[in-house]
Amino acid sequence: MGDPASSTKEDRGERDSVAFDVAIVGGGPAGLSGAIWLARYLHRVLLVDSGDPRNWETRGINGFLGHPGIRPAELRGLGRDEARRHGVELVDAMCETVSKIDDETFELVLTDGTHYRGRRLLLTIGLKDVWPDIPGLEHVYGNDAHVCPDCDGRDCTEKKVVVIGTGRKAVGMALNLTTWTNQIIICTNGKPADFDLPEYCQKLDALNIPVIQAPITRIHHAGSRVQSLDFAEGMSLDTDKIFLAVAQYPADDLGAQLRCERDAGGHIIVDDAYHTSVRNCFAAGDIVPGPQLAIAAAGDGAIAALAIHKSLVPEARKLEKLEVAEY
Ligand SMILES: Cc1cc2nc3c(=O)[nH]c(=O)nc-3n(C[C@H](O)[C@H](O)[C@H](O)COP(=O)(O)OP(=O)(O)OC[C@H]3O[C@@H](n4cnc5c(N)ncnc54)[C@H](O)[C@@H]3O)c2cc1C
(Lines give C-alpha, C1' and ligand atoms only; values in the text may rest on other atoms or scores of the structure.)
Protein backbone atom coordinates (compact mmCIF):
# COMPACT_ATOMS: atom_id res chain seq x y z
CA MET A 1 0.00 0.00 0.00
CA GLY A 2 1.32 3.48 -0.92
CA ASP A 3 2.12 6.13 1.63
CA PRO A 4 -0.89 8.54 1.77
CA ALA A 5 1.42 11.42 2.59
CA SER A 6 3.34 10.92 -0.67
CA SER A 7 0.28 10.34 -2.95
CA THR A 8 -0.69 13.03 -5.44
CA LYS A 9 -3.76 15.28 -5.07
CA GLU A 10 -5.38 13.43 -8.01
CA ASP A 11 -4.87 10.09 -6.26
CA ARG A 12 -6.69 11.46 -3.25
CA GLY A 13 -9.54 12.85 -5.38
CA GLU A 14 -8.61 16.40 -4.36
CA ARG A 15 -8.13 17.95 -7.77
CA ASP A 16 -7.96 21.73 -7.92
CA SER A 17 -11.30 23.16 -8.90
CA VAL A 18 -11.43 25.50 -11.88
CA ALA A 19 -13.06 28.76 -10.69
CA PHE A 20 -15.72 30.68 -12.62
CA ASP A 21 -17.85 33.70 -11.80
CA VAL A 22 -20.96 31.73 -12.69
CA ALA A 23 -21.49 27.99 -13.08
CA ILE A 24 -24.61 26.93 -14.98
CA VAL A 25 -25.97 23.37 -15.00
CA GLY A 26 -28.28 22.67 -17.96
CA GLY A 27 -27.80 23.83 -21.55
CA GLY A 28 -31.37 24.17 -22.88
CA PRO A 29 -32.94 27.51 -23.83
CA ALA A 30 -32.83 28.74 -20.19
CA GLY A 31 -29.18 27.85 -19.53
CA LEU A 32 -27.88 28.99 -22.91
CA SER A 33 -29.71 32.30 -22.73
CA GLY A 34 -28.43 32.89 -19.20
CA ALA A 35 -24.88 31.99 -20.27
CA ILE A 36 -24.92 34.38 -23.23
CA TRP A 37 -26.21 37.29 -21.16
CA LEU A 38 -23.70 36.67 -18.37
CA ALA A 39 -20.82 36.45 -20.82
CA ARG A 40 -21.95 39.74 -22.37
CA TYR A 41 -21.33 41.25 -18.90
CA LEU A 42 -17.77 39.88 -19.25
CA HIS A 43 -18.22 37.28 -16.51
CA ARG A 44 -16.34 34.02 -16.69
CA VAL A 45 -19.09 31.49 -17.36
CA LEU A 46 -19.15 27.69 -17.24
CA LEU A 47 -22.07 25.77 -18.76
CA VAL A 48 -22.29 22.04 -18.02
CA ASP A 49 -24.84 20.10 -20.07
CA SER A 50 -25.59 16.39 -20.34
CA GLY A 51 -27.40 16.79 -23.70
CA ASP A 52 -30.69 15.17 -22.74
CA PRO A 53 -33.41 17.83 -23.02
CA ARG A 54 -37.09 17.15 -22.47
CA ASN A 55 -38.22 18.21 -25.94
CA TRP A 56 -35.74 16.09 -27.91
CA GLU A 57 -38.48 14.11 -29.66
CA THR A 58 -40.48 17.10 -30.85
CA ARG A 59 -40.29 17.81 -34.58
CA GLY A 60 -40.30 21.56 -34.14
CA ILE A 61 -40.61 24.27 -31.48
CA ASN A 62 -43.74 26.36 -32.03
CA GLY A 63 -44.09 29.97 -30.95
CA PHE A 64 -40.39 30.84 -30.69
CA LEU A 65 -40.25 34.41 -32.03
CA GLY A 66 -38.31 34.57 -35.29
CA HIS A 67 -37.82 30.78 -35.46
CA PRO A 68 -41.26 29.18 -35.98
CA GLY A 69 -41.00 25.38 -35.92
CA ILE A 70 -37.25 25.35 -35.37
CA ARG A 71 -35.94 21.92 -34.43
CA PRO A 72 -34.68 21.67 -30.83
CA ALA A 73 -31.21 20.57 -31.93
CA GLU A 74 -30.91 23.50 -34.32
CA LEU A 75 -31.94 26.04 -31.66
CA ARG A 76 -29.40 24.53 -29.26
CA GLY A 77 -26.71 24.55 -31.95
CA LEU A 78 -27.33 28.24 -32.62
CA GLY A 79 -27.31 29.00 -28.89
CA ARG A 80 -24.13 27.04 -28.30
CA ASP A 81 -22.33 28.76 -31.18
CA GLU A 82 -23.39 32.15 -29.84
CA ALA A 83 -22.31 31.22 -26.30
CA ARG A 84 -18.91 30.04 -27.57
CA ARG A 85 -18.44 33.30 -29.49
CA HIS A 86 -18.97 35.17 -26.20
CA GLY A 87 -16.36 33.02 -24.45
CA VAL A 88 -18.64 30.70 -22.44
CA GLU A 89 -16.87 27.45 -21.52
CA LEU A 90 -19.16 24.62 -22.63
CA VAL A 91 -18.60 21.27 -20.95
CA ASP A 92 -20.63 18.31 -22.24
CA ALA A 93 -21.02 16.18 -19.15
CA MET A 94 -23.33 15.24 -16.31
CA CYS A 95 -22.97 17.21 -13.09
CA GLU A 96 -23.35 14.62 -10.36
CA THR A 97 -23.21 16.77 -7.24
CA VAL A 98 -23.34 20.43 -6.27
CA SER A 99 -22.50 21.77 -2.84
CA LYS A 100 -22.28 25.17 -1.29
CA ILE A 101 -18.92 25.78 0.38
CA ASP A 102 -19.81 29.37 1.40
CA ASP A 103 -21.88 32.28 0.05
CA GLU A 104 -19.28 32.95 -2.67
CA THR A 105 -18.43 29.36 -3.59
CA PHE A 106 -20.45 26.54 -5.13
CA GLU A 107 -18.65 23.35 -6.08
CA LEU A 108 -19.72 21.12 -8.97
CA VAL A 109 -18.45 17.57 -9.37
CA LEU A 110 -18.94 15.88 -12.75
CA THR A 111 -19.34 12.14 -13.24
CA ASP A 112 -15.68 11.83 -14.32
CA GLY A 113 -14.62 13.44 -11.03
CA THR A 114 -13.72 16.85 -12.48
CA HIS A 115 -14.40 19.68 -10.03
CA TYR A 116 -15.48 23.22 -10.91
CA ARG A 117 -16.27 26.19 -8.72
CA GLY A 118 -18.57 29.15 -9.32
CA ARG A 119 -19.25 32.24 -7.22
CA ARG A 120 -22.86 31.99 -8.39
CA LEU A 121 -24.85 28.95 -9.48
CA LEU A 122 -27.67 28.86 -12.03
CA LEU A 123 -29.70 25.63 -12.21
CA THR A 124 -31.49 25.19 -15.56
CA ILE A 125 -31.80 21.40 -15.47
CA GLY A 126 -35.39 21.13 -16.76
CA LEU A 127 -37.97 18.41 -16.19
CA LYS A 128 -38.75 14.91 -17.44
CA ASP A 129 -42.14 13.52 -18.46
CA VAL A 130 -43.46 10.12 -17.34
CA TRP A 131 -44.53 8.34 -20.51
CA PRO A 132 -47.38 5.82 -20.42
CA ASP A 133 -46.27 2.42 -21.65
CA ILE A 134 -48.38 2.06 -24.84
CA PRO A 135 -46.98 0.15 -27.85
CA GLY A 136 -46.64 2.46 -30.84
CA LEU A 137 -46.32 5.69 -28.82
CA GLU A 138 -42.59 5.91 -29.46
CA HIS A 139 -43.24 6.27 -33.23
CA VAL A 140 -45.61 9.23 -32.96
CA TYR A 141 -44.34 11.11 -29.90
CA GLY A 142 -43.36 14.64 -30.85
CA ASN A 143 -45.18 14.54 -34.19
CA ASP A 144 -48.80 13.60 -33.45
CA ALA A 145 -48.52 12.89 -29.72
CA HIS A 146 -47.83 15.89 -27.50
CA VAL A 147 -47.73 17.02 -23.89
CA CYS A 148 -48.49 20.73 -24.15
CA PRO A 149 -51.71 22.19 -25.64
CA ASP A 150 -50.19 25.69 -25.51
CA CYS A 151 -47.36 24.52 -27.79
CA ASP A 152 -49.22 22.15 -30.11
CA GLY A 153 -52.96 22.84 -29.73
CA ARG A 154 -53.01 25.08 -32.82
CA ASP A 155 -52.17 22.05 -35.00
CA CYS A 156 -55.29 20.26 -33.71
CA THR A 157 -57.76 22.69 -35.22
CA GLU A 158 -60.93 20.72 -36.06
CA LYS A 159 -59.08 17.42 -35.61
CA LYS A 160 -59.99 14.29 -33.62
CA VAL A 161 -58.03 14.45 -30.38
CA VAL A 162 -57.58 11.90 -27.62
CA VAL A 163 -56.34 13.08 -24.21
CA ILE A 164 -54.68 10.23 -22.31
CA GLY A 165 -54.69 10.78 -18.56
CA THR A 166 -56.73 11.10 -15.40
CA GLY A 167 -57.84 13.61 -12.83
CA ARG A 168 -57.72 17.39 -12.94
CA LYS A 169 -54.77 17.40 -15.35
CA ALA A 170 -56.65 15.44 -18.03
CA VAL A 171 -59.83 17.50 -17.60
CA GLY A 172 -57.90 20.78 -17.73
CA MET A 173 -56.05 19.65 -20.85
CA ALA A 174 -59.29 18.61 -22.59
CA LEU A 175 -60.96 21.93 -21.74
CA ASN A 176 -57.89 23.82 -22.96
CA LEU A 177 -58.03 21.94 -26.29
CA THR A 178 -61.64 23.05 -26.91
CA THR A 179 -60.06 26.32 -28.13
CA TRP A 180 -59.20 24.45 -31.32
CA THR A 181 -61.52 21.47 -31.68
CA ASN A 182 -64.80 20.01 -30.37
CA GLN A 183 -63.82 16.41 -31.21
CA ILE A 184 -62.15 15.44 -27.95
CA ILE A 185 -62.23 12.16 -25.98
CA ILE A 186 -60.48 11.46 -22.68
CA CYS A 187 -58.97 7.95 -22.27
CA THR A 188 -57.85 6.99 -18.78
CA ASN A 189 -55.94 3.96 -20.13
CA GLY A 190 -57.35 1.49 -17.59
CA LYS A 191 -56.95 3.77 -14.58
CA PRO A 192 -59.77 5.20 -12.43
CA ALA A 193 -60.82 8.57 -13.87
CA ASP A 194 -60.18 10.26 -10.52
CA PHE A 195 -62.61 13.09 -11.24
CA ASP A 196 -63.05 14.01 -7.59
CA LEU A 197 -64.89 17.34 -8.08
CA PRO A 198 -68.44 17.46 -9.54
CA GLU A 199 -67.31 20.38 -11.71
CA TYR A 200 -65.14 18.05 -13.79
CA CYS A 201 -67.97 15.78 -15.01
CA GLN A 202 -70.39 18.70 -15.37
CA LYS A 203 -68.04 20.58 -17.66
CA LEU A 204 -67.08 17.49 -19.68
CA ASP A 205 -70.78 16.62 -20.14
CA ALA A 206 -71.68 20.17 -21.17
CA LEU A 207 -68.93 20.15 -23.81
CA ASN A 208 -69.72 16.60 -25.03
CA ILE A 209 -66.34 15.19 -24.05
CA PRO A 210 -66.74 11.42 -23.39
CA VAL A 211 -64.45 9.40 -21.13
CA ILE A 212 -63.22 5.88 -21.99
CA GLN A 213 -61.69 3.91 -19.14
CA ALA A 214 -60.52 0.77 -21.01
CA PRO A 215 -56.75 0.17 -21.33
CA ILE A 216 -55.18 1.18 -24.66
CA THR A 217 -53.35 -1.80 -26.19
CA ARG A 218 -51.78 -0.21 -29.28
CA ILE A 219 -51.39 2.99 -31.23
CA HIS A 220 -51.60 2.38 -34.98
CA HIS A 221 -49.54 4.74 -37.07
CA ALA A 222 -48.23 5.40 -40.57
CA GLY A 223 -44.68 6.58 -40.01
CA SER A 224 -44.97 9.28 -37.34
CA ARG A 225 -48.68 9.97 -38.03
CA VAL A 226 -51.30 8.59 -35.62
CA GLN A 227 -54.14 6.63 -37.21
CA SER A 228 -56.11 4.89 -34.46
CA LEU A 229 -56.06 3.44 -30.97
CA ASP A 230 -56.94 -0.15 -30.01
CA PHE A 231 -58.52 -0.86 -26.63
CA ALA A 232 -58.41 -4.02 -24.51
CA GLU A 233 -62.14 -4.56 -24.95
CA GLY A 234 -61.76 -4.87 -28.73
CA MET A 235 -62.84 -1.34 -29.60
CA SER A 236 -60.86 0.82 -32.02
CA LEU A 237 -60.92 4.62 -32.25
CA ASP A 238 -59.78 6.75 -35.19
CA THR A 239 -57.75 9.72 -34.06
CA ASP A 240 -55.53 12.45 -35.51
CA LYS A 241 -53.73 13.68 -32.41
CA ILE A 242 -52.88 12.44 -28.91
CA PHE A 243 -52.21 14.60 -25.87
CA LEU A 244 -50.60 13.05 -22.81
CA ALA A 245 -51.62 14.48 -19.44
CA VAL A 246 -48.55 12.99 -17.80
CA ALA A 247 -46.72 13.42 -14.52
CA GLN A 248 -43.39 15.23 -14.50
CA TYR A 249 -40.35 15.18 -12.25
CA PRO A 250 -37.13 17.25 -12.02
CA ALA A 251 -34.46 16.06 -14.47
CA ASP A 252 -31.99 15.86 -11.60
CA ASP A 253 -31.91 16.24 -7.83
CA LEU A 254 -29.40 19.10 -7.69
CA GLY A 255 -32.02 21.44 -6.18
CA ALA A 256 -32.66 18.88 -3.46
CA GLN A 257 -28.92 18.40 -2.85
CA LEU A 258 -28.62 22.12 -2.12
CA ARG A 259 -31.81 22.08 -0.02
CA CYS A 260 -33.47 24.70 -2.23
CA GLU A 261 -37.12 25.20 -1.31
CA ARG A 262 -39.28 23.21 -3.75
CA ASP A 263 -42.99 22.73 -4.38
CA ALA A 264 -44.90 19.42 -4.27
CA GLY A 265 -43.97 18.73 -7.93
CA GLY A 266 -40.24 19.24 -7.27
CA HIS A 267 -40.06 22.65 -8.99
CA ILE A 268 -37.49 24.94 -7.40
CA ILE A 269 -39.19 28.00 -5.85
CA VAL A 270 -37.71 31.34 -6.96
CA ASP A 271 -38.44 35.02 -6.45
CA ASP A 272 -39.00 37.58 -9.25
CA ALA A 273 -35.25 37.62 -9.94
CA TYR A 274 -35.07 33.79 -10.14
CA HIS A 275 -33.16 33.65 -6.86
CA THR A 276 -33.80 30.41 -4.92
CA SER A 277 -34.08 30.09 -1.15
CA VAL A 278 -30.32 29.35 -1.11
CA ARG A 279 -28.27 32.54 -1.23
CA ASN A 280 -26.54 33.12 -4.60
CA CYS A 281 -28.14 30.05 -6.16
CA PHE A 282 -30.54 30.86 -9.01
CA ALA A 283 -32.85 28.65 -11.08
CA ALA A 284 -34.73 29.20 -14.34
CA GLY A 285 -36.66 27.45 -17.11
CA ASP A 286 -38.93 24.42 -16.73
CA ILE A 287 -37.44 23.57 -13.32
CA VAL A 288 -39.18 26.60 -11.76
CA PRO A 289 -43.00 26.88 -11.45
CA GLY A 290 -44.77 28.57 -14.36
CA PRO A 291 -45.37 28.13 -18.08
CA GLN A 292 -43.26 25.49 -19.80
CA LEU A 293 -42.33 27.16 -23.08
CA ALA A 294 -38.97 27.38 -24.81
CA ILE A 295 -39.26 31.15 -25.27
CA ALA A 296 -40.28 31.60 -21.61
CA ALA A 297 -37.29 29.48 -20.54
CA ALA A 298 -34.97 31.68 -22.61
CA GLY A 299 -36.57 34.78 -21.06
CA ASP A 300 -36.19 33.35 -17.55
CA GLY A 301 -32.52 32.65 -18.23
CA ALA A 302 -31.97 36.25 -19.32
CA ILE A 303 -33.72 37.74 -16.25
CA ALA A 304 -31.78 35.41 -13.95
CA ALA A 305 -28.56 36.50 -15.68
CA LEU A 306 -29.34 40.18 -15.05
CA ALA A 307 -29.96 39.45 -11.35
CA ILE A 308 -26.78 37.36 -11.09
CA HIS A 309 -24.76 40.14 -12.71
CA LYS A 310 -26.23 42.66 -10.26
CA SER A 311 -25.26 40.41 -7.36
CA LEU A 312 -21.66 40.33 -8.60
CA VAL A 313 -21.28 44.09 -9.10
CA PRO A 314 -19.50 45.76 -6.13
CA GLU A 315 -21.61 48.20 -4.09
CA ALA A 316 -19.29 51.08 -5.14
CA ARG A 317 -20.67 50.75 -8.68
CA LYS A 318 -24.35 50.73 -7.68
CA LEU A 319 -26.80 53.39 -6.51
CA GLU A 320 -28.67 52.80 -3.28
CA LYS A 321 -32.29 51.66 -3.64
CA LEU A 322 -34.93 54.42 -3.43
CA GLU A 323 -37.55 54.04 -0.73
CA VAL A 324 -40.42 54.87 -3.10
CA ALA A 325 -40.82 53.69 -6.69
CA GLU A 326 -39.55 56.14 -9.32
CA TYR A 327 -42.05 57.14 -12.03
C1 LIG B 1 -42.53 17.02 -26.62
C2 LIG B 1 -42.39 18.47 -26.25
C3 LIG B 1 -42.73 19.45 -27.14
C4 LIG B 1 -42.59 20.79 -26.82
N5 LIG B 1 -42.94 21.73 -27.74
C6 LIG B 1 -42.76 23.03 -27.45
C7 LIG B 1 -43.11 24.03 -28.41
O8 LIG B 1 -43.61 23.72 -29.50
N9 LIG B 1 -42.93 25.34 -28.06
C10 LIG B 1 -42.42 25.70 -26.84
O11 LIG B 1 -42.26 26.90 -26.60
N12 LIG B 1 -42.06 24.77 -25.92
C13 LIG B 1 -42.22 23.46 -26.20
N14 LIG B 1 -41.91 22.51 -25.27
C15 LIG B 1 -41.39 22.95 -23.96
C16 LIG B 1 -39.90 23.33 -24.06
O17 LIG B 1 -39.21 22.31 -24.71
C18 LIG B 1 -39.34 23.56 -22.68
O19 LIG B 1 -40.13 24.55 -22.03
C20 LIG B 1 -37.88 24.01 -22.73
O21 LIG B 1 -37.08 23.06 -23.38
C22 LIG B 1 -37.37 24.24 -21.32
O23 LIG B 1 -36.05 24.66 -21.40
P24 LIG B 1 -35.04 24.41 -20.19
O25 LIG B 1 -33.77 25.08 -20.60
O26 LIG B 1 -35.66 24.81 -18.92
O27 LIG B 1 -34.87 22.82 -20.09
P28 LIG B 1 -34.40 21.73 -21.17
O29 LIG B 1 -34.56 22.23 -22.56
O30 LIG B 1 -35.07 20.46 -20.81
O31 LIG B 1 -32.84 21.60 -20.90
C32 LIG B 1 -32.36 21.12 -19.67
C33 LIG B 1 -30.94 20.60 -19.90
O34 LIG B 1 -30.33 20.34 -18.63
C35 LIG B 1 -29.53 19.17 -18.78
N36 LIG B 1 -29.28 18.62 -17.44
C37 LIG B 1 -30.20 18.18 -16.53
N38 LIG B 1 -29.57 17.74 -15.43
C39 LIG B 1 -28.24 17.89 -15.65
C40 LIG B 1 -27.08 17.59 -14.89
N41 LIG B 1 -27.16 17.08 -13.65
N42 LIG B 1 -25.86 17.86 -15.44
C43 LIG B 1 -25.76 18.40 -16.68
N44 LIG B 1 -26.84 18.69 -17.45
C45 LIG B 1 -28.06 18.45 -16.93
C46 LIG B 1 -30.32 18.28 -19.71
O47 LIG B 1 -29.50 17.34 -20.38
C48 LIG B 1 -30.88 19.31 -20.70
O49 LIG B 1 -30.01 19.47 -21.80
C50 LIG B 1 -42.07 21.16 -25.56
C51 LIG B 1 -41.72 20.16 -24.63
C52 LIG B 1 -41.88 18.83 -24.97
C53 LIG B 1 -41.49 17.78 -23.97
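The expected span of a helix is 1.5 Å times one less than its number of residues. Helices (H or I, at least four residues) and strands (E, at least two) are DSSP runs, numbered from the N terminus. The structure is a predicted model, in which local features need pLDDT of at least 70, side-chain atom pairs count only at pLDDT 80 or more, and totals for chains, interfaces and linings use all residues. Residues are numbered from 1 along each chain as its sequence is written.

Helix 1 covers residues 29-40. At 1.5 Å a residue, its 12 residues should span 16 Å, and its end C-alpha atoms are 17 Å apart, which agrees. Burial was then examined. A residue is buried if 20 or more other C-beta atoms lie within 10 Å of its own, exposed if 12 or fewer, and partly exposed in between; C-beta atoms are placed from the backbone. After helix 1 comes Leu42, with a positive phi near 70°.

Two packed helices are described by the angle between their axes and the distance between the axes. The axes of helix 1 and helix 8 (residues 294-312) come within 7 Å and cross at roughly 35°. Here axes are lines fitted to C-alpha atoms, for helices over the stretch in contact, and angles run from 0 to 180 degrees between N-to-C directions. Residues making the contact include Gly31, Gly34 and Trp37 of helix 1 and Ala298, Gly301 and Ala305 of helix 8.

Helix 2 (residues 72-85) has 14 residues, which should span 20 Å at 1.5 Å a residue; its end C-alpha atoms are 20 Å apart, in agreement. Pro72, Leu75, Gly79 and Ala83 of helix 2 are buried. Seen down the helix axis, the buried residues fall within an arc of 70°, so they line one face of helix 2. The arc is that of the directions from the helix axis to the C-beta atoms. On the other side, Ala73, Gly77, Asp81 and Arg85 are exposed. Helix 1, strand 2 (45-49) and strand 3 (89-92) are included in what covers the buried residues of helix 2. Just after helix 2, Gly87 has a positive phi of about 90°.

An open sheet is formed by 3 strands in the order 12-13-14, with antiparallel pairing. Two strands pair if DSSP finds at least two bridges between them. Strand 12 and strand 14 stand at the edges, each with a single partner strand, so one side of each is left without a neighbour in the sheet. Neighbouring strands are turned by 25° against each other on average, direction ignored.

Strand 12 (residues 216-222) and strand 13 (residues 225-231) pair over 6 bridges. His220 has Ser228 as its bridge partner, and Arg218 stands opposite Asp230. The hairpin of these strands has 2 residues between them, and Gly223 takes a positive phi near 60°. Strand 13 is joined to strand 14 (residues 236-238) by 3 bridges. Asp230 stands opposite Ser236 in strand 14. This hairpin has 4 residues between the strands, and Gly234 takes a positive phi near 95°.

Key:
Contact = placed C-beta atoms within 7 Å.
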